Amino acid sequence: AELWSDSITYSHGYLVGLISLVTLVSVLARSRRSSRGHASVLIAMIPVLAAWSLSYVADVEIGMFVLLPLILALAFIAVLGWDAAKLTFFPLAYLYFSIPIWDFINGLLQSGTVFAVSRIVRSLGVTALVVGNRVLIPAGTFEIAGGCSGIHFFIVSLALAALYGYMYLTTWRQRLLLGVVAMLLALITNWVRVSTIIYAGHATGMQHYLITVDHYYFGWLVFAISLIPFFLVAGWIRPPVGEGNRAPATPIPSVQGKSLSIPI
């Protein structure tokens, strides 16, 4: 809760946690418990719990965060059995969208943003010089800091694609395709956001609202617009209702001894 409250990047953690909890309760309510659990799994939990304890003693929070969903998954297998426990894997894995394991790609996203934005603003007729992660234009200097990498949009887009794929898509190929679309839209959204801010500074001599007051919520407005093509693609990928769920034809003997196939 402290992480989710203090970090803008992971402020969506409360929503992810709620989705995970609701999904977990839902799948457990409609699942059938196996005749017995797998007590042998408790043996596998020993090294995992030991690693979690070491992370706790060493105050390595990322180790504690990463291991927690795995511990819960093993506990469900031990108590419920594999058939019922495997239904809990998605809501438990979904928690990883709220855990700071994504910071390792922040530098890559930041470099990609600098590269893309510098070319976009130049194509708009703005003279721009790139020095490290700074973009210098005649009106002023913009620093594309770590918080400007678009990592928040990236994580939220993937989380949305994962949830949609879990609920509505039937194959891993469809889910992977939607995930790729979500990542591309997240990247483009951030590039458009940063380029627009720089161009606004160029056009107004650094006096635009986005420069002098705030540009955080502007980013979410652009992100909301990007959801339109996302759901269009998601709807195109999504199979028609009932596809793949039809019961096999039931042969019924006829008077002549032949069979008729009547789809149900």
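Visitor: Is the crossing in which H3 passes H4 left-handed or right-handed?
Guide: First, a heads-up: this is a predicted model, where local features need pLDDT of at least 70, side-chain atom pairs count only at pLDDT 80 or more, and totals for chains, interfaces and linings use all residues. Residues are numbered from 1 along each chain as its sequence is written, and side-chain values use heavy atoms, with hydrogens and water left out. A crossing is left-handed if the near helix is turned anticlockwise from the far one by less than a right angle, and right-handed if clockwise. The way H3 passes H4 is left-handed.

Visitor: And how does H3 run relative to H4?
Guide: Helices here are DSSP runs (H or I, at least four residues), numbered from the N terminus. The axes of H3 (residues 41-57) and H4 (residues 61-80) come within 10 Å and cross at roughly 160°; axes are lines fitted to C-alpha atoms over the stretch in contact, and angles run from 0 to 180 degrees between N-to-C directions. Angles over 145 degrees count as roughly antiparallel, and under 35 as roughly parallel, 65 to 115 as roughly perpendicular, the rest as oblique. That angle therefore makes H3, relative to H4, roughly antiparallel.

Visitor: How is H7 set against H9?
Guide: The crossing of H7 and H9 is right-handed. The axes of H7 (residues 106-123) and H9 (residues 172-204) come within 9 Å and cross at roughly 55°. That angle is why H7, against H9, counts as oblique.

Visitor: Which helix gives the most to the lining of the largest cavity?
Guide: The structure holds one cavity of 30 Å³ or more; a cavity is a set of points on a 1 Å grid where a 1.4 Å probe fits but cannot get out, and lining residues have an atom within 4 Å of a point. About 40 Å³ of space lies in it, where volume is the space filled by probe spheres set on points joined across faces, edges and corners. Ser157, Ala182, Leu185, Phe223, Ser226, Leu227 and Phe230 line it. With four residues, the top giver is H11.

Definitions and conventions:
Helix = DSSP H or I, 4+ residues; strand = E, 2+ residues; numbered from the N terminus. 1 Å grid on protein atoms, 1.4 Å probe; cavity = no way out; pocket = protein on both sides within 12 Å on 5 of 7 lines; lining within 4 Å.
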